[in-house]
Protein chains: 2
Amino acid sequence: MPQVAVEPFVPVIEHADATGRFIFVCEHASNHIPSAYGTLGLDEDQRRAHIAWDPGALGVARRLADLLSGVLIHAPVSRLIYDCNRAPDMAGAMPTRSELHDIPGNTALSVQERLARTEAVYLPWVSTLHSLIARRIASGLNPVVVTIHSFTPVYFGKKRLVEFGIIHDEDRSLSVAVLTAAQKLTRLNAQLNAPYSAADDVTHTLRLHATPYGLPNVMLELRNDLIATPDAQETMAAQLAPVLNMGLAEIQKQAKAS
Amino acid sequence: MPQVAVEPFVPVIEHADATGRFIFVCEHASNHIPSAYGTLGLDEDQRRAHIAWDPGALGVARRLADLLSGVLIHAPVSRLIYDCNRAPDMAGAMPTRSELHDIPGNTALSVQERLARTEAVYLPWVSTLHSLIARRIASGLNPVVVTIHSFTPVYFGKKRLVEFGIIHDEDRSLSVAVLTAAQKLTRLNAQLNAPYSAADDVTHTLRLHATPYGLPNVMLELRNDLIATPDAQETMAAQLAPVLNMGLAEIQKQAKAS
């Protein structure tokens, strides 16, 4: 792939003036591959598949932001160009392979090409998300960071039974409280640190933006067959909104008691 | 103090093209109080004293960057406007008192004033430093983050014997290696986590910019009576450069052995 000079891809913020505590973050909201990058050597089915984005995640995040008066931020390009939930030196930042698929456009990237993608996608993402969080901290809004993802029901040929994965970084308190609430309020197969965990380097956003400020945080993973349509996304968000409220209330209670 | 609308204060980067591993960071390089903020109710002696900045730190950092082919970034305004080594919700971000001195211009700041200072000073600082670091990670430069500070020899009337404080955040490996090197190579009274430690909330920069990326990092504190003149700063840097090199070599050796 030739080296391309592209303008920065600015993340999208919705409900910027929301005064609720929740900040919903969707790093894998879009499968858009800007024309400067061609097709990355992928066919149309591949570019529509879960390797390019987290199908359904943005729809759920939007409805959660509505229901909980939260703010929403999402990335405007495919994770195959740059995965905003990865540091620039991680293999997954510009992956050469994803599950069963080689990504031809990502093999043999030069240092200059890696740097150009970092500058075009990752830097504006981090800067915008950081400013959003720091402004809300300064404004006394006590933010809570929730990242919204989806995962494929079949991975390397194996079916996944988990429907709702709850993944924590250093501070597990909100994750545990959300799991307990999900078990009380829903019939979802909810599991902690499934289908993967922080040990798989999937909590970069939490580590960079929530942990250093001591903000409550959690990464939510939804099985994408459960959120394939706008109706299904609405139903899922309607189940998850009270779960998040109950989880947050629980850690506030714990904080007062300690 | 009236609410003031000010343009953002962009941090200064020196030796942007340096290819060495060290990134020297000076959050308290300047005692400049922009005219929009008046005098903060302080007299001239107070505005020149250690409460407004870290005297000598920038001079040492500049010479270290020269000696070690490092890049340098420093903040252009006084810590009394916004302390870039503090999160927006920390008391020290816009302190109302520093050691023996009240800061009249910082009492009773409204949420809007706190937000305005955060936007004018902290956001451009974080964004610029983050981009500097992420670009160097993407370029394969394996950065090492070293923050340079100075402290007053007499604090609340008590003399401090420590001359060279080495403070760590979560990863203590470089700090311990630097302490050992300082004891071998210099006669400085060098101590770990003195005159204060991460528990005093002084490692915000390391926590936000180095720890999430797994970068080696350390905070250096120099007693300011030892770096009061350009000559003294040069002498100190000449002592510290081999100490930093030896410390870095030691953790590289440990990494290879493990």
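Modeller: Thr147(A) stands opposite Met219(A) in strand 11 of chain A. That pair is our way in. Keep in mind that this is a predicted model.

Biologist: How many bridges join strand 6 of chain A to strand 11 of chain A, and in which sense do they run, parallel or antiparallel?

Modeller: Seven bridges join them, and the two strands run parallel. Strand 6 of chain A also runs parallel to strand 2 of chain A, with four bridges between them. There, Phe22(A) faces Val144(A) of strand 6 of chain A.

Biologist: How should I read the side chains along strand 6 of chain A? Which residues point one way, and which the other?

Modeller: The general idea comes first. In a regular strand, side chains alternate between the two faces of the sheet. Now the case here. Val144(A), Val146(A), Ile148(A) and Ser150(A) point one way from strand 6 of chain A, while Val145(A), Thr147(A), His149(A) and Phe151(A) point the other way.

Biologist: What does strand 6 of chain B look like?

Modeller: Strand 6 of chain B (residues 144-151) is mostly covered, with eight of its eight residues buried. Val144(B), Val146(B), Ile148(B) and Ser150(B) point one way, and Val145(B), Thr147(B), His149(B) and Phe151(B) the other way. Strand 2 of chain B (residues 22-26) pairs with strand 6 of chain B in the parallel sense over four bridges. Phe24(B) stands opposite Val146(B). Strand 11 of chain B (residues 217-223) is joined to strand 6 of chain B by seven bridges, again parallel. Here Val145(B) faces Asn217(B).

Biologist: Back to chain A. In what order do the strands of the sheet lie?

Modeller: Seven strands form an open sheet in chain A, in the order 1-3-2-6-11-9-10, and the pairing is mixed. Strand 1 (12-14) and strand 10 (190-192) of chain A each have a single partner strand, so one side of each has no neighbour in the sheet. On average, neighbouring strands are turned by 20° against each other, direction ignored.

Biologist: Which strands does helix 2 of chain A touch?

Modeller: Helix 2 of chain A (residues 57-68) packs on the sheet and touches strands 1, 2, 3, 6 and 11 of chain A. Its direction makes about 170° with that of strand 2 of chain A.

Biologist: How do I describe two helices that pack?

Modeller: Two packed helices are described by the angle between their axes and the distance between the axes. Take helix 2 (residues 57-67) and helix 6 (residues 230-257) of chain B: the angle is about 45°, and the axes are 8 Å apart. That makes helix 2 of chain B oblique to helix 6 of chain B. Their crossing is right-handed. The residues of this contact divide into eight nonpolar, two polar and two charged. Among those in helix 2 of chain B are Val60(B) and Leu64(B); helix 6 of chain B brings, among others, Met236(B) and Leu240(B).

Biologist: How many residues of each chain are in contact with the other chain?

Modeller: 24 residues of chain A are in contact with 24 residues of chain B. Helix 3 (111-138) and helix 5 (204-210) are the elements of chain A that give two or more residues to this side. Helix 3 of chain A gives the most, with 15 residues. By class, the chain A side has 13 nonpolar, six polar and five charged residues.

Methods. Residues are numbered from 1 along each chain as its sequence is written. Chains are lettered from A and ligands numbered from 1 in the order in which they are written. This is a predicted model: local features need pLDDT of at least 70, side-chain atom pairs count only at pLDDT 80 or more; totals for chains, interfaces and linings use all residues. Axes are lines fitted to C-alpha atoms, for helices over the stretch in contact, and angles run from 0 to 180 degrees between N-to-C directions. Angles under 35 degrees count as roughly parallel, over 145 as roughly antiparallel, 65 to 115 as roughly perpendicular and the rest as oblique. A crossing is left-handed if the near helix is turned anticlockwise from the far one by less than a right angle, and right-handed if clockwise. Two residues are in contact if their C-beta atoms, placed from the backbone, lie within 7 Å. Ala, Val, Leu, Ile, Met, Phe, Trp, Tyr, Cys and Pro count as nonpolar, Asp, Glu, Lys and Arg as charged, and the others, Gly among them, as polar. Two strands pair if DSSP finds at least two bridges between them. A residue is buried if 20 or more other C-beta atoms lie within 10 Å of its own, exposed if 12 or fewer, and partly exposed in between; C-beta atoms are placed from the backbone.
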